[in-house]
Amino acid sequence: MKLTSLEQLQKIKEQGLKRAYPEKIKIMVGMATCGISAGADKVYRALEDKIAARKMDVALEKTGCIGFCQQEPLVDVIYPKKVRVSYATMTPAKAEALVESLHSGKFFGENVLCRIDQEEFLIEGTTKAYANPHPPELPGDIPKYEELPFFKKQVKIALRNCGYIHPERIEEAIGRGGYATLYKVLTAMTPEEVIAQVKASGLRGRGGAGFPTGVKWEFCRKAEGDLKYIICNADEGDPGAFMDRGILEGDPHAVIEGMAIGAYAIGASQGYIYCRAECPLAIQRLQIAIQQAEDLGLLGDNIFGSGFSFKLKIRKGAGAFVCGEETSLIASIEGKVGEPRPRPPFPAQSGLWGKPTIINNVKTWSHIAPIIARGAEWYAGYGSEKAKGTTVFALVGKVNNTGLVEIPLGISLREMIFEIGGGIAGGRAFKAVQTGGPSGGCIPEEFLDTPVDYESLGALGSIMGSGGMIVMDERDCMVDVAKYFIDFTRDESCGKCTPCREGTLRLMEMLEDITAGRGQEGDLDKLEKMSGIIKKTSLCGLGQTAPNPVLSTLKYFRDEYEAHIWAKKCPAKVCKELITYRVDADKCNGCQLCRLKCPVEAIQGAKKVVHEVLQDKCIKCGTCFEKCKFDAILVE
Amino acid sequence: MVGDPGELTVTFSQQPRSVDPDKCTGCGVCIEACPIRYEVQIPPEEEAKARSAYAQAVDETAVAGIISQYREEPGNLLPILLDINSHFNWLPRPALEHVSRELGSPLSEILRVASFYNAFSLVPRGQHIINVCLGTGCFVKGSPRILEELERKLGLKHGQTTEDMLFTLEVVRCIGCCALAPAMRVGEDTFGRLTPGQVGKIIDSYTKTANL
C-alpha cells in the first residue's frame with residue numbers, strides 16, 4: 001500500500017504502537033553487532049526456546065543498541081502498564097531463569113541494570129509513562145535510567161529510537177513519529193524553508209570537518225543542474241568508532257527520512273548510502289528498511305502524492321579508509337579507484353557524475369527530522385554558545401563504561417571520561433584521550449576540562465572527528481600509539497600524492513627506529529619537520545591530518561619519546577625491544593603456571609623452584625606476566 | 001602506409017621496449033601512460049594454482065548472473081567485483097577477464113580497482129576468513145597479542161592462508177565492536193572480549209566442524 005495521506009500514516013502509526021507496546025509482556029534483546037558478539041543471539045535463542053516450552057504468550061523482539069555496550073548482552077522486559085526493566089550482562093541460563101520467573105508471575109530481580117519509567121517520543125515532544133503508580137512488587141532500590149551516571153548527561157536525538165524499536169519494522173519507527181516530518185515537509189514547507197531551518201539550527205557536519213550543513217545545502221540548491229544527488233557517508237573507517245553502525249543497525253529510518261528531506265530541500269531525486277562492507281548487519285538492516293519504505297510509498301515516485309520522487313540505493317564500500325573523504329567516496333560510487341581529487345570544485349557544485357551533490361554523514365542525516373519537527377530554536381537550545389546540538393561519540397578504550405553516548409556539545413572531556421565513562425578501568429591512572437581517529441590527536445590530563453566542540457579540540461592539536469573517543473591509561477606507550485596511527489595512514493594512503501605516500505612511510509621508519517631503541521639525536525626535530533611538510537602539501541584530508549597523532553604526542557608526551565631515545569627505555573613498558581621479562585625470586589613459588597603457558601618454552605624451572613626466563617628464547621608476548629597469580633613476573 | 005588497395009606498403013615502427021637508465025630521470029610519466037601499469041604480477045606457479053582453482057569451481061554462469069544483475073547501473077564495477085569476491089571468496093583471474101569482456105573495459109582498469117581496495121583478494125583464500133580487528137579500541141586493549149597468538153597457532157603471518165585452505169588470517173581496521181575490544185571475526189561470527197588463551201579454542205571449534 002502506498003500512503004498518500006496523513007490519515008493513512010496515522011493508521012500505520014497506531015499499528016506500530018500496538019506492536020511496540022503490546023498488552024502482554026514484551027522482552028527485547030539488544031541485537032546490534034556489539035550485542036551479538038557479546039552473545040545476544042544465544043540469549044535470544046534461549047529465551048525463544050523457553051517461552052515456547054512454557055507456551056507463554058509473550059512478545060519476544062529484537063532491537064538495536066541502547067548504547068551501553070559494556071553491559072551487553074542487554075535484555076529489556078516491559079511489564080505492561082507497569083515498568084520497563086533493563087537487564088545487563090545476560091547469559092542463556094539467566095535468560096531461562098527470567099522466563100521462569102515471568103511464568104510464575106514474579107518480578108525477576110537478578111542482573112538488573114535500571115528501570116525505565118517513561119520513554120520520550122522525541123519527534124512529537126511527548127513522553128510515554130510506564131509506571132504510574134509505582135508497581136508494588138518492584139523493589140525500591142532499582143536505579144532509574146536517568147539516574148545512572150552513564151545515561152544521566154546524555155541527550156538522545158540521533159539515537160532517539162536505538163534500543164526502543166525493532167529496526168526491521170517500519171511501523172515501529174512510524175509509531176515513534178517517523179516519517180511524519182517528511183509529510184510535513186512535503187505538504188507544508190518550501191525547500192527554502194527547510195534549508196532556513198537547518199541553517200538556523202546551527203547544525204554542522206558531524207562527519208568531522210564541521211561545515212555548516214544548511215550553508216552547504218544552500219550552495220547545492222542554488223547550483224545549476226537538472227540532476228542532483230544526495231549521498232549518505234556511512235563509510236565509517238575510523239578505527240575505534242562505531243556510531244554510524246550503531247544508528248544504522250538501531251534506527252535506519254532516521255537516516256532515510258533525513259535524506260528524503262534533504263533531497264527535497266536541494267532538489268535531488270536519487271540518493272546513495274555508501275556503507276562500509278565491514279558492517280554487514282548495518283547493510284542488511286538498511287536494505288530491509290529501504291524495501292519497507294518503498295512498499296509504503298515513502299521512497300519512490302510521488303511520495304505522499306506530493307509529486308516529489310526520491311529513490312535510494314546502497315553502495316557497499318570495499319575496505320578503503322580514504323573513501324570516507326568525499327571526493328574519493330564519489331569516485332568509488334562511480335566504480336573507480338577511490339582516489340581524491342582537488343577541491344574546488346566542491347561536490348555541492350560538481351560531484352557525482354559531475355552533478356551537484358550533497359554528502360553528509362549518518363549522524364548529520366539522523367539529526368534532520370528532529371530539527372524540522374521541533375524547530376531550529378529547540379535544537380540550538382542544546383549545546384554551547386559556539387557549538388549547537390548534540391553529537392554521538394563511541395567511548396572506548398580503558399574506561400569502565402564503554403559504549404555509544406550522545407552528548408550536548410560543550411560538555412567537558414572530564415565529564416565524558418569520569419562521569420559517563422565511569423573513570424579508568426582497573427583503578428589505573430589516566431594518560432590521554434584520543435579523538436578524531438587517525439586524523440586526531442592525543443590530549444593529556446591537564447586539558448581534561450576542555451569543552452567538546454570543533455574549535456576547542458582543534459586548538460589542542462586534535463580534531464572532533466566523526467566521534468571516536470579512545471581513552472588510554474598509564475600502560476599505553478604514546479610513541480607506540482603514534483606509530484600505530486602512522487602505520488594505519490601509511491597503509492591506507494591511496495598513493496596519489498607524494499607527501500602522503502612517501503612521508504608517512506618515512507615517519508613510520510623513524511618511529512620504528514625510536515621504539516626499537518635505535519633513536520638518535522635530532523630524530524624528534526626531523527619528525528616535527530617532516531610532519532609539517534606532510535600537513536602543508538598533501539592533496540586531501542587524509543594526508544593533511546595524518547601527522548596529527550605524531551605532533552600531538554610530541555607536544556604533550558615529549559618525555560616519553562626522549563626516554564626511548566636516550567635511556568632506551570619504554571616508560572609504559574610496551575615497546576618489545578626495550579623491555580625484558582624477569583622472575584622476581586622473592587615472589588615466585590615455582591607453581592609452573594608461567595612455564596606451562598609460555599608459547600615458546602622460554603621459562604625453565606622445576607616445581608617449587610624459582611623459575612627463570614630464558615632471554616634468548618623470550619618473544620615478549622607477556623603471557624607469563626598476565627598468567628602469574630603472585631605478581632612474580634617483572635617487566636623492566 | 002602508401003600505395004593503392006591491393007598494393008599497399010606498410011611501414012611498422014617499433015618503439016623501444018626498455019628503459020635507458022642513462023636517460024631516465026624517474027619522472028614517472030611512463031607509469032601514468034602505461035596501459036598495463038596495474039597488472040599485478042603473480043608468480044607463474046601461483047597463477048597456475050589460481051587457474052586450476054577457478055576451473056574446479058567452474059561457475060561462469062555465476063559471474064554472468066552477477067554481471068547481468070548490475071548491467072544497467074552506472075558505476076557498476078565495484079558492486080560486480082564485490083559480489084564475485086564474495087561468491088568465490090577471492091577474484092579469480094578468468095572471472096575478471098569475463099567482466100572485462102562483458103563491460104568492455106580494459107583488464108588493466110579492472111585490476112587497478114581490484115588491487116586498490118582491501119576487500120578484494122587476487123589469490124585464493126581459505127574457507128574461513130579470520131579478521132582480527134586492529135582498530136584503535138582493540139589495539140589499546142591488546143589485539144596485537146591476539147594476532148600474534150593466531151599467527152603462532154596457525155603457523156603463518158597475516159595475509160596468508162593455511163595449507164589445507166581452511167583458514168586465511170587477515171587484519172581489519174575496525175569492525176565496530178570497539179566497546180567489546182579486543183574483537184575478531186571468523187567468517188560471519190564475531191567474537192568480543194577476547195584473551196589470547198581463548199583464540200586457540202575458537203579456531204579448534206572451526207577445525208572440528210570442518211572435519212565432520
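**Figure 1. Strands E8 and E9 of chain A pair in the parallel sense.** In this predicted model, Cys232(A) has Ile273(A) in E9(A) as its bridge partner. Strand E8 covers residues 229–234 of chain A and strand E9 covers residues 270–275, and six bridges join the two. Strands of a sheet pair through backbone hydrogen bonds, either parallel or antiparallel.

**Figure 2. An open sheet of four strands in chain A.** The order of the strands is E10-E9-E8-E11, with parallel pairing. Strand E10 (311–316) and strand E11 (357–361) of chain A are the edge strands; each has a single partner strand, so one side of each has no neighbour in the sheet. On average, and with direction ignored, neighbouring strands of this sheet are turned by 20° against each other. Helix H12 (residues 280–295) of chain A packs on the sheet, where it touches E9 and E10 of chain A. The direction of H12 makes about 165° with that of E10(A).

**Figure 3. Helices H10 and H14 of chain A pack at an angle of about 45°.** Two packed helices are described by the angle between their axes and the distance between the axes. Here the helices are H10 (residues 243–250) and H14 (residues 362–374) of chain A, and their axes are 9 Å apart. The angle makes H10(A) oblique to H14(A). From H10(A), the contact uses Met243(A), Asp244(A), Ile247(A) and Leu248(A). From H14(A), Val362(A), Lys363(A) and Ser366(A) take part. By class, the residues of this contact are four nonpolar, one polar and two charged.

**Figure 4. Helices H8 and H14 of chain A cross at roughly 100°.** The axes of H8(A) and H14(A) come within 10 Å. Val194(A), Gln197(A), Val198(A) and Ser201(A) of H8(A) meet Ile368(A), Ile371(A) and Ile372(A) of H14(A). This contact of H8(A) with H14(A) has five nonpolar residues, two polar and no charged.

**Figure 5. Buried residues of helix H9 in chain A.** Helix H9 spans residues 213–222 of chain A. Its buried residues are Thr213(A), Gly214(A), Lys216(A), Trp217(A), Glu218(A) and Cys220(A). They pack against helix H8 (191–201), helix H11 (252–266), E11 and H14 of chain A.

**Figure 6. A hairpin formed by strands E6 and E7 of chain A.** Strand E6 (residues 118–121) and strand E7 (residues 126–129) of chain A pair in the antiparallel sense, over four bridges. Glu120(A) stands opposite Thr127(A) in E7(A). Four residues lie between the strands of the hairpin, and Gly125(A) takes a positive phi near 70°.

**Figure 7. Glu377(A) in helix H15.** Helix H15 of chain A runs over residues 376–380. Is Glu377(A) buried or exposed? Glu377(A) has 11 other C-beta atoms within 10 Å, and a residue counts as exposed with 12 or fewer, so Glu377(A) is exposed. In sequence, Glu377(A) and Pro451(A) are 74 residues apart; in space, they are 22 Å apart, C-alpha to C-alpha.

**Figure 8. The side of chain A that touches chain B.** The contact involves 48 residues of chain A and 37 residues of chain B. Helix H2 (33–37), helix H13 (326–333), strand E12 (390–397), strand E16 (468–473) and helix H18 (478–492) of chain A each supply at least two residues of this side. The largest share, four residues, comes from H2(A). By class, this side of chain A has 23 nonpolar, 16 polar and nine charged residues.

**Figure 9. The setting of the close-ups: chains A and B.** Chain A has 25 helices and 20 strands. The radius of gyration of chain A is 27 Å, close to the 26 Å that the globule rule gives for 636 residues, so chain A is as compact as a globular protein of that length. Along the principal axes, the C-alpha atoms of chain A fill a box of roughly 80 × 65 × 40 Å. Of the 636 residues in chain A, 54% are buried. Chain B has nine helices and six strands, and 34% of its 212 residues count as buried. Among contacts with a separation of 6 or more, residues 24 or more positions apart account for 72% in chain A and for 62% in chain B.

Terms used. Residues are numbered from 1 along each chain as its sequence is written. Chains are lettered from A and ligands numbered from 1 in the order in which they are written. This is a predicted model: local features need pLDDT of at least 70, side-chain atom pairs count only at pLDDT 80 or more; totals for chains, interfaces and linings use all residues. The radius of gyration is taken over C-alpha atoms; the globule rule is 2.2 Å times the number of residues to the power 0.38. A residue is buried if 20 or more other C-beta atoms lie within 10 Å of its own, exposed if 12 or fewer, and partly exposed in between; C-beta atoms are placed from the backbone. Two residues are in contact if their C-beta atoms, placed from the backbone, lie within 7 Å. Ala, Val, Leu, Ile, Met, Phe, Trp, Tyr, Cys and Pro count as nonpolar, Asp, Glu, Lys and Arg as charged, and the others, Gly among them, as polar. Two strands pair if DSSP finds at least two bridges between them. Axes are lines fitted to C-alpha atoms, for helices over the stretch in contact, and angles run from 0 to 180 degrees between N-to-C directions. Angles under 35 degrees count as roughly parallel, over 145 as roughly antiparallel, 65 to 115 as roughly perpendicular and the rest as oblique.
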